[in-house]
Structures are given as structure tokens and as C-alpha cells.
Amino acid sequence: MTKAYSRFLTAFFCLFLAGLLVWHVLLPDRGQSETENRTLAQAPAFSWSALVSGSYTEDVEEYFADQFPLRDGWTGLKARMEQLLGKREFNGVYLCGDTLISKVDTPVAGAVDKNLSYVDRLAGKSDANVVLGLIPSAAEIWKEKLPAGADSWDQTALMARSQVDFRDALAAHADEPIFYRTDHHWTTLGAFYGANALLEVLGKESLKEECFTPEIASDSFNGTLYSQSGIHWLEPDTMEFWVAEEGLTVTSWRTGKEEPASLYDRTYLEKKDKYSAFLGGNQPLCVIKNENVTDGSKLLLVRDSYSDALAPFLAQRFSEVHLLDLRYYRAPVSAYAAENGIGDIAVVYSVQNFISDVNLVLLTQ
């Protein structure tokens, strides 16, 4: 009876694997995973040299892993089983009750000092007022939510080098939803508090919360940490738009040439990457003009993606807000500021991006 049962299990397992293989062959390959928000590996081209070097078998393994039938369901099941076994870190993401918080890895030796020096060199060569604003991660503001003994780089010393005190601005509201639960970005509420911290340093009047009427843009936002961790059972986030578009003109150089854009690209609300609804996501250059601010004040944001939610608030106090992304924009920043008559430059990065960014050297051009 035992042998028969063992043979049955072996046969069942073999049939199961064979069935998955047939299913995999019959299914068309997917180019993109909406859940993981990334491009999936495709079938590699065979060559004898690749086989000998071992790269072909590695590519085949990656291909089968990415194109595995019901992959999204399996990754979620794997994370759920690991949780039941007591695990609290999932691919660099901590599960903290109903919130996901990204671990911040220790930066490469010397990387932080180099990037800080690049900002200093920009300040030394530009006639504009240059300030640095470093946005702490949820792991810094919500330390008490992390599992006991959780490993995450201490951001305190770096925060002291930032002219804009985003840390205290956010910490003062730590009991509010200032970060998304399934994404690494700050929420619109968090960006509002951050905007006032920056406006104070730039000598501008603070914004008042009662002057805005939040609009629920989506109540089904599953962000980057949802994708990265495999934890797919938390309630989705709610995303809000606060700033009205009336009186604002947005221009984008997404394709290298000037074209009209909008404060919110609502087509992204139907996609996985809903955060890109703010200004349409990553792009080399974007300019917001406010016809109601007539003092000629101009701000240049050297930015990462956090500034997409920040810029609409800043546009309430500047006649022009220019957003420049060093990942795609290669011309000298100081020259751009001079050519456009910009008086203030704010280098605004999340800590996680600042400590690892290799493009900040372009500030020295």
C-alpha cells in the first residue's frame, strides 16, 4: 500500500510538471508583467558559444522562470507561505502589519560624499540659489513599524547635510498616511508637507491644506513594493490629486521636442503604474507655468520621481517650475538655469536614490 501510494505521488508529480510544461509551450510569451511592473525574459537564441559559456542555460532558466504559467499567483503563494513560517522580509521589503516598507541598503563606500560634492560644485558654478533636499524613506520615519532587529541603513547623518528639512516635516505627521502602504513614494499628503518645507527654505509663503479639495484618483493602487515583495494580499492604496489644473500650463520634452502635456495623465490610472499619472511619469524635462503667479519667480527641480507629486504644489508659489531628470537630460544644469533666468535650483532626491545615483556627476558640467 505504501509503495503504491508512493508511486501514485511520483506519477502525479511527473504529470503535474508535464502539464505545466505543455501549458507553458501552448501559452504565448508575455512581454510585460503588470504585477511586477517589468519586462519579462524572452526565449533566448541558441548558439554553441553561448552553450559552452553557460550563458544560454542561464538565459533559458530566466526565461522559464519569467514565463511560468500563473507566475503572479505562484509568487504571491510563495510569499504567503513564507509569512506563515514567520518571515518578515521579502526581497528587500519588510511586512509591517498592513504596510510594506523598503529596506535601505548601506551605500557603496564614498558614494554619498561624491554625490554631495557634486551638489556643492553646482552651487559654486551657478548664479542661482542652490539647495539640497533629501527625502527620508518610510524606513526612517516609520522606524517603530519595522520588525524587531530589522536591518536598514541609518539615514540620520545624511539628513543633517540637507538644507531642506524634509525629515522633521514628515516626522511631525508620522501618524498620518504620508507614504503609500504598497509603494515607496510619499503620498500626496506627504508631498504637501514636503512642499511647505521646501517653500520655507526658498522664502515662499506656506500652503494651507484647506485651500485644496482632494480628489480620489484611484482606490486600487498597488505600487512598487507590492510588485517587489510578492505580497499581494494587502488592501490597495488610495491615490489623491489635490492641485486643480486651472491656470496651469504644462509642457513636456518627453520625446526630445516640445509638446503640450497635463498636470495629471489619467490614462495611467487604468494601468499598474498609477503613480506615473503625476505629470505622466519620468521624462527628461517638464515645465509647469502658473498664469496666476506674476512675480516672474522660477524654480528648477533636479529631480527623481518623488518630485512628480511635489511639483504641482510648488507651482502654486512660482510662475514657472522646471523639472529636470539627469537620467535623461545631459546638458549642463547651470547653463540651463542661466539661459532660462532661473533664480532657485533645488536638488530634490529621495535618500534611496541619492545614495546610489550615478548621474549626479552631471551637475558638475
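The questions and answers below walk through some local features of this predicted model.

Student: What should I know about the numbering and the model before I start?

Tutor: Residues are numbered from 1 along each chain as its sequence is written, and side-chain values use heavy atoms, with hydrogens and water left out. Because the model is predicted, local features need pLDDT of at least 70 and side-chain atom pairs count only at pLDDT 80 or more, while totals for chains, interfaces and linings use all residues.

Student: Where is Asn 91 placed, and is Asn 91 buried or exposed?

Tutor: Helices (H or I, at least four residues) and strands (E, at least two) are DSSP runs, numbered from the N terminus, and Asn 91 is in the loop between β3 (89-90) and β4 (93-96). Most residues other than glycine have a negative phi, yet the phi of Asn 91 is positive, near 55°. Buried means under 20% relative accessible area, exposed over 50%, and partly exposed in between, with a 1.4 Å probe and protein chains only. At 56% relative accessibility, Asn 91 therefore counts as exposed.

Student: Leu 279 also has a positive phi; what is its relative accessible area?

Tutor: The phi of Leu 279 is about 60°, although the residue is not a glycine, and Leu 279 is in the loop between β10 (259-261) and β11 (285-290). Leu 279 is buried, and its relative accessible area is 3%.

Student: Which kind of aromatic pair do Trp 142 and Phe 179 form?

Tutor: Rings of Phe, Tyr and Trp (its six-membered ring) pair if their centres lie within 6.5 Å, and planes under 30 degrees apart count as stacked, over 60 as edge-to-face and the rest as tilted. The structure holds 17 aromatic pairs, and in one of them the ring centres of Trp 142 and Phe 179 are 5.5 Å apart with the planes at 75°. Trp 142 lies in the loop between α6 (138-141) and α7 (156-159), and Phe 179 in the loop between α8 (166-171) and α9 (188-201), 37 residues apart. With its planes at 75°, the pair is edge-to-face.

Student: Which residue lies over the face of Trp 142?

Tutor: A charge sits over a ring if NZ of Lys or CZ of Arg is within 6 Å of the ring centre and within 35 degrees of the ring normal. Trp 142 is buried, with a relative accessible area of 3%, and at 3.8 Å from its ring centre lies the residue asked for, Lys 145.

Student: Which residue forms a salt bridge with Arg 167?

Tutor: A salt bridge is a side-chain nitrogen of Lys or Arg within 4 Å of a carboxyl oxygen of Asp or Glu, and the structure holds 14 salt bridges. Arg 167 is in helix α8 and its partner is in helix α6, 27 residues apart. The closest N and O atoms are 3.3 Å apart, and the partner is Glu 140.

Student: How many residues apart in sequence are the parts tied together by Arg 181 and Asp 237?

Tutor: The two residues form a salt bridge whose closest N and O atoms are 3.7 Å apart. Arg 181 counts as buried at 18% relative accessibility, and Asp 237 counts as buried at 5%. Arg 181 lies in the loop between α8 and α9 and Asp 237 in strand β8 (residues 237-241), so the parts they tie together are apart in sequence by 56 residues.

Student: Why is strand β12 described as largely enclosed by the rest of the structure?

Tutor: Strand β12 covers residues 298-303, and two strands pair if DSSP finds at least two bridges between them. Five bridges join β12 to the parallel strand β13 (residues 320-324), and Leu 299 has Val 321 as its bridge partner in β13. Strand β12 is largely enclosed because, of its six residues, the number buried is five.
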